Amino acid sequence: MIDRETIDKILDATNIVDVVSEFVTLKKSGVNYKGLCPFHDDKTPSFMVSPTKQICKCFSCGEGGTAINFLMKHEQITYPEALRWLAKKYNIEIQEKELSDEEKQQQSDRESMFIVNEWAMNYFKDVLNNDPDGVAIGRQYFRSRGIRDDIVEKFNLGFSLSKRDALDLAAKKAGYKEEFLIKTGLCIKGEKGVYDRYAGRVIFPWFNVSGKVVAFGGRLLDARTKGVQQKYVNSPDSEIYHKERELYGLYQGKKAIAKEDCVYMVEGYTDVIAMHQCGLENVVANSGTALSKHQIKLLRRFTPNIILLYDGDEAGIHAAMRGTDMLLAEGMKVKVLLLPDGDDPDSFSRKHTAAEFKAYIEEHAEDFIEFKTKLTVESVTDPVKRSEAIGGIVKSISVVDDQLLRDEYLTQLSRRLGIKEETLLNSMNGMISHDREEKEKEYNREQAQEAIQREKEGKPMAIGLHTTNEQIGQLEEMLIKAIVRDGEKVIYENIATADGGTMNLTVAQFVDYDLSSDGLSFSNPIYNKILQEVVAHVGDEAFKAEEYLMRHPDYEVSSVAANLAVDPYQLSKSFQMKDREGGLRQHVEHLVLDFRYYCLKEKVEELKAALKNCKDDYMSIMQELAHVDRIYKELARKLGR
């Protein structure tokens, strides 16, 4: 790990104008710089860089932040990788934090696995290009599929010899341990010894988003797929590879995905490779499995727009329907394109240019709700089956988080099917309420288990609150924004203390004291961390919350701070808002009161619900309800509610 002192050296040396200038042509504009935004198709310069604030911001698409945020977004690298990039640029030696023996061993094992995978990838490539069997069998296979040599090189494709221990022997001869050959899944240890997992197969390496080789896929050649062996074999899960977290082709396609603001989802390796060869690079594959939340969130970093490209047969339709509700629930905008009969993305891309393929997609891709309606409802006449199908579509709409989009979907569905919009709305609201109740029940079960555990451990019952209520979420964000921007500012002076002295209260201290007095906290753990960090440092000389948080070694903290710190007012002094005297204090007081009010209101409802399901601890819940309800009513009185 990089220690804090080294991070500070890197950040002190970093000039955001220098960093951004390596990727964007900037021109002076007053005290700032501006250029075409690299994160969207910018026609006029809307990307501003402030050397005084050391932040950047696009006022068209909203992307921005510190130099580190810029590098992470533009280069699609991690926080430590961005720090190392800057350290290399400014010739700063990285000082690593001392790890425990166990941490060192874990880190060493992981690095060893990455190194072994890197060696194996190069070994497979060498066999493909230089071994007589590799050239005659593996290279010939790729050429028979129409895959050009430059694409073979781009995806680092290879071949594994048919001899069952060829890789094992070569690896050990090169000095690699059997332990890591087995841990990575390159080899399997059986009763008769160690043998290669991919013997006799063409090889497709998997890269993670940072470009490290995490796994392999191996395909039997056509002449051998008629036997009993599996056509495809993939690496098993390991310390460096979890299949539900990776997507094939993401590393090669991430820049195109971000640039096009759209990703095509296909099923297999060859689909991805063929589309790259055609000229469409914003494509990934999940290799036939249902998408996971991890994969969706990974894609969401690059774009919210996804088009599912599948064969037009029954299997393709089934694949298109799988996991779409999860995509919608995660905020993705989903379209579906079923290719003409007999074609898959591989064969279709070999028949068309990139422009023709793109034009076909634009003309024929359908919004998922429209696609599902055509597929499951319009051809069905049986009333019961038709009702079930409509319910399935309404269920898909119900998981969409954007209320305006939900309403638009319902309106379109109502017109299309000739069903009253009110009927569909009532059905959807019932589904949303049911889902919310199920989540609340699960939450209450978890809280009950936690309370039982606390009682066993002799700990007092806490009023800790974690909620996703929209009003509370908005108030949380407004409060944390005030803490980031003005956390160190004093809003109460000369407050009398119990020992007869006086003290001043800053914004952060006031928020912390007021919330903790009711046992409340933010639902977002990063917000709680930010609050505690500022409270801990407000007494430091020349401490500025915004500056400290934006330079924080925890990327999530620095990212939140950078996003909250960047707005139009901070890049142009002539438009800065000036608080009236006492305005900041009144603003923070009002936010805290509102936040406490809604939190306690929700807590009262939770406790009332808990009473209905209570079997053993009735009096304890009653006492807590009386305590919370008293505070809640006092707040309601203060707020005139």
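How many bridges join strand β2 to strand β3, and in which direction do the two strands run? The points below take up this question and then turn to other parts of the structure.

1. Basis of the note. This is a predicted model, in which local features need pLDDT of at least 70, side-chain atom pairs count only at pLDDT 80 or more, and totals for chains, interfaces and linings use all residues. Residues are numbered from 1 along each chain as its sequence is written, and side-chain values use heavy atoms, with hydrogens and water left out.

2. Strands β2 and β3. Three bridges join β2 (residues 32–35) to β3 (residues 47–50), and the two strands run antiparallel. Strands are DSSP runs of E with at least two residues, helices are runs of H or I with at least four, and both are numbered from the N terminus. Two strands pair if DSSP finds at least two bridges between them. Lys 34 has Met 48 in β3 as its bridge partner.

3. The open sheet. Five strands make up an open sheet with antiparallel pairing, in the order β1-β2-β3-β4-β5. At its edges stand β1 (27–29) and β5 (64–65); each has a single partner strand, so one side of each is left without a neighbour in the sheet.

4. Two loop residues. Leu 36 belongs to the loop between β2 and β3; its relative accessibility is 43%, and it counts as partly exposed. Here buried means under 20% relative accessible area, exposed means over 50%, and partly exposed lies in between (1.4 Å probe, protein chains only). Ala 199 is found in the loop between β8 (193–196) and β9 (201–207), and at 15% relative accessibility Ala 199 counts as buried.

5. Aromatic pairs. Rings of Phe, Tyr and Trp (its six-membered ring) pair if their centres lie within 6.5 Å; planes under 30 degrees apart count as stacked, over 60 as edge-to-face and the rest as tilted. By this rule there are 28 aromatic pairs. One of them is the tilted pair of Trp 119 and Tyr 176, at 5.3 Å centre to centre and 45° between the planes. Trp 119 lies in helix α5 (residues 101–130) and Tyr 176 in the loop between α8 (166–173) and α9 (178–183), so the pair ties together parts that are 57 residues apart in sequence. Trp 119 is buried at 17% relative accessibility, whereas Tyr 176 is partly exposed at 23%.

6. A second pair from helix α5. Phe 124 and Phe 216 form an edge-to-face pair, 5.6 Å centre to centre with 80° between the planes. Phe 124 is in helix α5 and Phe 216 in strand β10 (residues 213–220), and the pair links these distant parts of the chain, 92 residues apart. Both residues, Phe 124 and Phe 216, are buried.

7. Charges over rings. A charge sits over a ring if NZ of Lys or CZ of Arg is within 6 Å of the ring centre and within 35 degrees of the ring normal. The charged end of Arg 164 sits over the ring of Tyr 195, 4.6 Å from its centre. The ring of Tyr 492 has the charged end of Arg 585 over it, 5.1 Å from the ring centre.
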